[in-house]
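These are my notebook entries on a structure that I went through element by element. The sequence and the structure come before the notes.

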Amino acid sequence: MKINYSEKFIKKDGVLLIPVFEGETFKNFISFLDLAILKEHIADLTASKEFEAKNGQSIFLYKISKNLPDKIIVVGMGAKKKMSVATVMSGLGAGVKASIAHGTQSLSILFHDSLQEFSQSVSESIVLASYLPGIKYKTGEALEKLVGQSIQEVNVFGEFSAEQKSSFEKGAIIAAATNDVRDWVNAPPNYAHTSFFEARAKEIAKLPCVSLKILEKSKLEKMHMGAFLGVNKGSDVEAKMVVLEYSPKNPVNETPLVLVGKGILFDTGGVNLKPSGHIEDMQLDKAGAATVMATLRVLALIKYPRKVVAIAPFTDNSIGPKAMRPSEIVTAYTGKTIEVLNTDGEGRLILADAVAYGVDVYKPELLIDVATLTGACMIALGERHAGLFTNDEDLMEKLYKAGQDTDEILWRMPIHQDDADKMKGTIADFRNSDTGTSRLAGASKGASFIREFVGETPWAHLDIAGPAYVADPKKYESKGATGFGVRVITRFLEDLV
Ligand code: BES
Ligand code: MN
Ligand code: ZN
């Protein structure tokens with residue numbers, strides 16, 4: 001997608017998107033637009049209560065003036081007083097979706113005064129809302145239609161400073177990476193398998209200051225990652241761990257920051273097979289891994305000034321004669337033993353080894369893991385909030401703030417020691433699932449299990465099972481994968497320096 005900036009020129013083809021706030025008089029609009037006629041239209045519509053500029057409300061105007069593009073969408077942004085990242089993104093998201101419905105490869109947007117402090121959210125909304133999930137798989141006429149709707153060019157009209165322009169560009173980078181995560185997560189396991197992610201990792205490693213290690217199965221065996229390898233036993237494809245290191249020249253701090261993401265390419269549940277109704281979307285189970293890889297790409301592109309490592313363990317959780325059976329005891333990278341009471345608790349097993357590796361090898365200042373870990377977290381928080389679990393108050397506050405600032409909301413969840421105690425093993429050190437009270441506090445128990453393998457390092461666990469993949473998308477999302485996590489983690493890291 002190409003972005004053009006201009007103060008003077010109005011492109012005649014494509015759709016012009018005009019965001020309008022409730023009760024707005026247009027006095028802030030820039031003079032070059034032939035707005036008299038537009039004002040008239042909107043005044044009429046407002047008088048008739050047809051258009052009140054409620055957030056997300058849109059109207060389509062066609063050929064109203066020779067000096068304006070033929071197709072214009074006026075989109076409501078709601079009350080200016082209530083303006084936030086969330087309202088800007090949902091208003092513009094709705095406007096972009098309405099523009100796309102009129103089939104355009106070129107979108108122009110009037111970037112007027114009120115939006116200037118939200119420059120980054122403006123470009124994020126445009127890029128995120130123009131994501132078309134079907135374009136990878138449809139054929140024939142359906143594909144042609146989608147190609148006609150895929151935005152190639154964005155023209156921003158208005159007055160902006162160099163700083164606003166660079167925020168706008170940063171937003172486009174972050175949103176493009178988020179759309180990559182959506183593609184990767186939506187992709188079924190016969191399209192996106194281990195080798196697919198290896199290829200994506202190699203692409204990212206071409207960026208300046210990024211290097212890549214791929215830990216193959218033989219290496220994982222030598223390092224005694226028995227928990228990760230246990231999950232991989234039933235899979236036809238060997239486990240791999242992607243380790244991307246971003247190491248800028250002259251970092252402001254030598255101590256790295258580590259991100260770890262759950263990369264289950266498809267979660268059948270294993271021998272504890274998931275039933276119909278619960279298994280269909282389980283290609284989503286690699287969302288954490290996709291998120292940390294794409295975030296590392298963003299950091300390299302925006303030249304983030306600190307060292308960051310993204311660790312992504314990849315395997316299927318499959319069923320078959322070689323698959324791990326409930327009751328098996330595996331030995332983790334730390335040397336601790338785990339009774340696998342439920343093979344569907346596979347995420348915590350692969351993360352146990354991945355976080356322990358991250359702590360051991362990189363001795364980071366902090367570690368964040370991102371995972372579609374539990375159905376319980378989705379039941380507790382729904383699709384709008386990710387669960388935030390941590391052993392560090394400072395980290396809690398900073399992550400919470402970054403969530404509020406990016407409309408990727410993280411909600412604090414507890415880990416009661418009594419729940420954590422339920423993850424102690426009967427004959428081994430730990431167990432991967434509780435019995436008896438197993439349905440209670442499932443998200444907290446999953447988090448407490450991972451905590452056991454982190455040790456003293458400040459750590460946060462983001463359970464993104466709800467917001468990573470949605471049935472009821474926000475205005476700037478589509479059904480399915482959302483790419484949740486890239487924005488909040490990037491913002492958190494930026495605030496850290
Ligand atoms: N991948 C699932 C969690 C999940 C469920 C994510 C629905 C998104 C939507 C995870 O591996 C899982 O199966 N968790 C179990 C844990 C239990 C067996 C200890 C769960 O949540 O029931
Ligand atoms: Mn599972
Ligand atoms: Zn899973």
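**Entry 1**

Which residue stands opposite Arg431 in E17? I found that Glu339 does. I note at the outset that the model is a predicted one. Glu339 belongs to the pairing of strand E13 (residues 337–339) with E17, where two bridges join the strands and the strands run parallel. I then looked up the sheet itself: three strands form it in the order E12-E13-E17, it is open, and its pairing is mixed. Strand E12 (329–331) and strand E17 (430–431) stand at the edges with a single partner strand each, so one side of each has no neighbour in the sheet.

**Entry 1. Strands E5 and E6**

I turned next to E5 and its partners. Six bridges join strand E5 (residues 106–111) to E6, and the two run parallel. I recorded two of the pairs: Ser106 has Glu153 as its bridge partner in E6, and Phe111 stands opposite Gly158 in E6. E5 also pairs with strand E2 (residues 15–20), in the parallel sense and over three bridges. There, the bridge partner of Leu17 is Ile109 in E5.

Strand E6 has a further partner in strand E1 (residues 2–6), to which five bridges join it, again in a parallel run. In that pairing Ser6 stands opposite Phe157 in E6.

I asked how many of the six residues of E5 are buried. Six of the six are, so E5 is largely enclosed by the rest of the structure. Ser106, Ser108 and Leu110 point one way from E5, Leu107, Ile109 and Phe111 point the other way, and all are buried. For strand E6 (residues 153–158) I noted five buried residues of the six, so E6 too is largely enclosed by the rest of the structure.

**Entry 2. Salt bridges around Glu198**

I recorded 26 salt bridges in the structure. Side chains of opposite charge can pair when their charged atoms come close. I followed one network, which links Glu198, Lys202, Glu216 and Lys240.

Lys202 forms a salt bridge with Glu198, with the closest N and O atoms 3.5 Å apart. Both residues lie in helix H6 (residues 194–204), four residues apart, about one turn of the helix. Lys202 is partly exposed at 48% relative accessibility, whereas Glu198 is buried at 14%.

Lys240 also forms a salt bridge with Glu198, and here the closest N and O atoms are 3.2 Å apart. This pair links distant parts of the chain, Lys240 being in strand E8 and Glu198 in helix H6, 42 residues apart. Both Lys240 and Glu198 are buried.

A salt bridge joins the side chains of Asp344 and Lys274, at 2.9 Å from N to O. Asp344 lies in the loop between E13 and H10, and Lys274 in the loop between E10 and H9, so the pair ties together parts that are 70 residues apart in sequence. Is Lys274 buried or exposed? It is buried, with a relative accessible area of 16%; Asp344 is partly exposed, at 24%.

I then looked up the largest pocket, which has a volume of about 1200 Å³. It is lined by 46 residues, and those closest to its centre are Lys274, Asp344, Thr374, Gly375 and Ala376. Helix H10 (346–362), helix H11 (375–381), helix H14 (442–451) and strand E19 (469–470) are the elements that give two or more residues to the lining.

**Entry 3. Cavities**

A search of the whole structure gave two cavities of 30 Å³ or more. The largest cavity holds about 40 Å³ of space. Among the residues lining it I noted Leu128, Arg182, Glu408, Tyr476 and Phe484.

**Entry 4. Loops and surface**

Most residues other than glycine have a negative phi. I looked at two residues with a positive value. Asn250, not a glycine, has a phi of about 50 degrees, and is found in the loop between strand E8 (240–246) and strand E9 (257–261). Ser327, also not a glycine, has a phi of about 95 degrees, and lies in the loop between strand E11 (308–317) and E12. Asn250 is exposed, with a relative accessible area of 73%, and Ser327 is exposed at 54%.

Finally, I noted a nonpolar surface patch formed by Val271, Leu273 and Ile319, with about 240 Å² of accessible area together. Leu273 is found in the loop between strand E10 (263–267) and helix H9 (287–301), and is partly exposed at 48% relative accessible area.

Key: Residues are numbered from 1 along each chain as its sequence is written. Chains are lettered from A and ligands numbered from 1 in the order in which they are written. This is a predicted model: local features need pLDDT of at least 70, side-chain atom pairs count only at pLDDT 80 or more; totals for chains, interfaces and linings use all residues. Side-chain values use heavy atoms; hydrogens and water are left out. Patches are made of residues with over 30% relative accessible area and no salt bridge: like charges are joined within 9 Å, nonpolar side chains (Val, Leu, Ile, Met, Phe, Trp, Tyr) within 5 Å. Accessible areas come from the Shrake-Rupley method with a 1.4 Å probe; for residues, only the protein chains shown count as cover. A salt bridge is a side-chain nitrogen of Lys or Arg within 4 Å of a carboxyl oxygen of Asp or Glu. Buried means under 20% relative accessible area, exposed over 50%, partly exposed in between (1.4 Å probe, protein chains only). Two strands pair if DSSP finds at least two bridges between them. On a 1 Å grid over the protein atoms alone, a cavity is a set of points where a 1.4 Å probe fits but cannot get out, and a pocket is an open set with protein on both sides within 12 Å along at least five of seven lines; lining residues have an atom within 4 Å of a point. Grid points are joined across faces, edges and corners, and a volume is the space filled by probe spheres set on the points.
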